[in-house]
Structure formats: structure tokens, C-alpha cells
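Please read the following alongside the sequence and the 3D view.

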Amino acid sequence: MDNKQVPLKERISYGLGDTASNLVFTMVSTYLMFFYTDVFGLNVAAVGTLFLVARIIDAFDGPAIGVLIDRTSTKWGKSRPYFLWLAIPFAVVAVLTFMTPDLSPSGKAVYAYATYIVLGIMYAAINIPLSSLLPSLTSSSQERTVVNTFRMVGSQVGALIVNAAVLPLVAFFGKGNQQQGFLYTMILFASVAVVLFFTTFANTKERVQVNGNKPLPFKQGVKALKGNFPWWILLFLNVILFISLVVANQSTMYYFTYNLERVDLVPLLNGLSSVALVGIIAVPFLAKKLGKRNTLLLGFIISSLGQIILYLGAESVTIPTIITGRVLGMVGFGLVGGLKFAMIADTVDYGEWKSGVRAPGLLMAASTFGVKFGMGIGGAIGAWVLSAGGYVANQKQSASALAAIEFNFVWLPLICYIIGIIAVLFYRLDKEEAKITRDLAERHEAAV
């Protein structure tokens, strides 16, 4: 087994890849629905349908990209080249998504569909390699947990920058024109993302290679999914987690604008997402003491408690209670987010152990499909709930509309966390981890 520690520079550079991703992802997941309805002028129900259609397309592009990664063979490895090839195209499409061309209502819808769907494909094509790179950086499960912690810290840094800076930047660049403000803000974030992706490409190394890093046929790769029960559980958890994340994020502006009439609190609440770093940093220590499965369970429980406290604070507009609930929720999310990619990387080992086939691209991509599918379902449900409640943009909302916004912000995420708790109870890979690592090390040495 290769126990060599991944150098600090490489860990940081790997994390910066997710900082780059989140400069765009957080803009999309938190502000795009508000941008579409209140800035670009799209119908809220149409936006919900758009989010769902885009994610259905992701049902095909995610696994396809995973297969493409497994079939890639370059001097840089299988995953790293995509940061070099796609950084600039990804940034360009991100900027186009936040443009507001003067079109008819149907023309605006077509433009939104085209740019958002292409952005989703580009995001998958550059972010899935970041996930598939993890099991290739080191064969040590504990080391992957540490490296993934750097990724999650980088992710939270990107999210923090967006959550804390977007509204001030929109005001600064737009000077009262939100269309101009959002566009220039996205240009800034996309430009920084390009530099960070190039840094990830330059400073990482694919150490764990099987079969001479040769292309892996799709039919072979699929074998790594058969009987891989831990992978299927984590796929489901990804869907649940990102339904809760997207619904909560995209409803924040609505809840504090219309229900509490305290839009000034949005930067504070979004800025508190950085508290997830506490959970992320604690992951390697808790995973070593409690095991990954129990740490994941703890994360969902803490998030559930935080959601309840957040509701109680919002009901009485008690800011310290709102902050307490948000902090707990983010610590719990940090534990879950800080673990899930490392745990999925372990299922790559499990798939190889069970089937003899190592398919990091396909397994990481197919699990990332859970992220994209959860985002799509979450975005669609959130928009449809608002539409069913009678939401009308830039108007005083009816009681049913306010109840719909509250359901999105408070209750739907809580329901998802409870479902997550139940699903985690069926995860059992922790007990076999040491044996799998030993067996694979022996196989690799024998092959050499």
C-alpha cells in the first residue's frame, strides 16, 4: 500500500479546484432562481421546469463524462487534463448564464434553457474529474479523508466568498441596475475560477494507477457498480443532501425578503455558511475515532437540530436564535460534506475488491449525478411549491405564498435530513475497510 502523504502544496491545490467550482456553483444554487424570476423576468413555474429538465439531461452527461475519464490516457493522467482543457470554456458559459439579453418572454426562456443546460454539462465535465482524481492521489483511506478535507475547506472558501460578497458586489457594479451588477460579479468570479483550475492542474499528481493507466472499456467499468451496495447508499444520500441544500439556499432570499422583511440579514446568514469549516476540519479526527459512518450520522443529526432551532428563531425574529440554528446546521453540513467524497472514493476500492475492476471515473461521476439530480429535483420542487402557493415576484405575498416559502426554507430540508439519518444506518463499509486495503495492496504488488 502506498502510504506516502500527499504534500501540503498538493492538498491546497486540490482544494482550490473546489473553490473555483463553488464560485460558480454557489452563485447558481443560491442566486440563479432569484435572478431568473426577479431580475431576468422569467415565470417561476417555468424556472422550476427548467431546473428539472437540465438535471434530466445530467442523467446522461454525468456517467458519460465518467466513462470518458476512464477512457482518457494522457501524460498528465486521466482526470487532471480536464482542468486545463475546460477552465476557460466553463467560465465563458457561466458569464453567459448571467447575461440578460433584451428578448421576448419566449426568447428569454429559450436563452435561459440553452445557457443553463450547457453550464450544467460544463460543470459536470470539470467537477467530476476533481472527484475522480481523489482515489488516484493516494491509496490510503485515511489520507483521502484528510485530502478531501482540504477540498471541502476550499469549497467552503468559495461559498463564503460568494455568500458574503455577491449582494455588495451587485450593488457596487450595478449602481442600482441588478442586471449589470449580477453580470459583472459573475465575470469577476469566473475569471478567478480559471486561475484556480489551472493551479489545480499544475500542482496535483495521479499516483494510483492500475493496468498502466490504459483506457477502461465501458462494459468493464459497469462491473464495479454491481453489488456495490455502499455506493448506492451514498448515491441516494447525495440526492437527499443536495435537494435540501438547493431548496434552502434558493429560498433564503425569498424568506428574508417576504416572510421576515429583513433582507439585510441575508449576507449575515449566507456568510455563516463558513461555519461549516468547523465540521469539515473536525472530520479527520471524528472519522478516526467514531468511524466515517457514525460521523456522517452525527452530521445529519446536528443539521436536523439546527433546522428546528432556526425555525424557532425565525418565528419570533430572534436574531441570536436564528444565528444559533444556522451555525448548528452548517457544522452538521460540514461533517456530511467533508466525508461524502472520501467515502465515495472508498467505494472505488470496494468495487475493485468485489469485481476486479477499478473505475474511478464512472463511480465518481455516477455518484456526482446524485448531486446534479438532487440539485434539479430541489430546484424544481422549490419553484413548484412557490408557484402552487401563488408567489408573484416583487409583490406583497399572500398567506399561502408565505407558507410555501416557509416550507421550502424550513421543513423540506428537515425532512431530507431525517431521511438521510435513516439511510446512513444501512451503511456498513467501515467494518471491511482495513481488509479491502490489505487485499488490494497484495493484488497490486502481485500484478507489478
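Which residues lie nearest the centre of the largest cavity? The model is a predicted one, and in it Asn22, Phe25, Ser155, Leu245 and Phe333 hold that place, out of 30 residues that line the largest cavity. Its volume is about 390 Å³. Helices H1 (8–40), H4 (105–137), H5, H8 (229–259), H12 and H13 each give two or more residues to the lining. In total, the structure holds eight cavities of 30 Å³ or more. Rolling a probe the size of a water molecule over the atoms shows where empty space is left.

H13 covers residues 360–389, which makes 30 residues. From its first C-alpha to its last H13 reaches 43 Å, close to the 44 Å expected at 1.5 Å a residue. Helix H13 is mostly covered, with 25 of its 30 residues buried. Gly390 follows H13 and has a positive phi, near 90 degrees.

The charged pairs come next. Side chains of opposite charge can pair when their charged atoms come close. A search of the whole structure finds eight salt bridges. In one of them, the side chains of Arg144 and Asp346 meet at 3.7 Å, N to O. This pair links distant parts of the chain: Arg144 belongs to helix H5 (residues 141–174) and Asp346 to helix H12 (residues 319–355), and the two are 202 residues apart. Both Arg144 and Asp346 are buried.

Arg144 also meets the side chain of Asp349 in a salt bridge, here at 2.7 Å, N to O. Arg144 lies in H5 and Asp349 in H12, so this pair ties together parts that are 205 residues apart in sequence. How exposed or buried are the two partners? Arg144 counts as buried because its relative accessibility is 0%, and Asp349 is buried because its relative accessible area is 8%; the cut-off for buried is under 20%.

Another salt bridge joins the side chains of Arg262 and Asp264, at 3.0 Å, N to O. Arg262 counts as partly exposed because its relative accessibility is 27%. Asp264 has a relative accessibility of 48% and therefore also counts as partly exposed. Elsewhere, salt bridges that share partners join Arg144, Lys292, Asp346 and Asp349 into one network.

On the surface, which residues form a nonpolar patch? They are Leu84, Trp85, Ile88, Val92, Leu96, Met99 and Phe198, with about 570 Å² of accessible area together. Helix H3 (residues 81–97) supplies the largest share of this patch, five residues. Leu84 is placed in helix H3 and counts as partly exposed because its relative accessibility is 31%.

Some backbone angles deserve a look as well. Most residues other than glycine have a negative phi, and most peptide bonds are trans. Lys175 has a positive phi, near 50 degrees, in a residue other than glycine. Lys175 is found in the loop between H5 and helix H6 (178–203). With 68% relative accessibility, Lys175 therefore counts as exposed.

Glu261 is a further residue other than glycine with a positive phi, in this case near 55 degrees. Where is Glu261 placed? It is in the loop between H8 and helix H9 (266–271). Glu261 is exposed because its relative accessible area is 59%, and the cut-off for exposed is over 50%.

A last stop is Ile422, found in helix H14 (residues 399–424). Ile422 has a relative accessible area of 49% and is therefore partly exposed. In sequence, Ile422 and Phe300 are 122 residues apart. In space, the C-alpha atoms of Ile422 and Phe300 are 9.8 Å apart.

Terms used: Residues are numbered from 1 along each chain as its sequence is written. This is a predicted model: local features need pLDDT of at least 70, side-chain atom pairs count only at pLDDT 80 or more; totals for chains, interfaces and linings use all residues. Side-chain values use heavy atoms; hydrogens and water are left out. Helices (H or I, at least four residues) and strands (E, at least two) are DSSP runs, numbered from the N terminus. The expected span of a helix is 1.5 Å times one less than its number of residues. Buried means under 20% relative accessible area, exposed over 50%, partly exposed in between (1.4 Å probe, protein chains only). Patches are made of residues with over 30% relative accessible area and no salt bridge: like charges are joined within 9 Å, nonpolar side chains (Val, Leu, Ile, Met, Phe, Trp, Tyr) within 5 Å. Accessible areas come from the Shrake-Rupley method with a 1.4 Å probe; for residues, only the protein chains shown count as cover. A salt bridge is a side-chain nitrogen of Lys or Arg within 4 Å of a carboxyl oxygen of Asp or Glu. On a 1 Å grid over the protein atoms alone, a cavity is a set of points where a 1.4 Å probe fits but cannot get out, and a pocket is an open set with protein on both sides within 12 Å along at least five of seven lines; lining residues have an atom within 4 Å of a point. Grid points are joined across faces, edges and corners, and a volume is the space filled by probe spheres set on the points.
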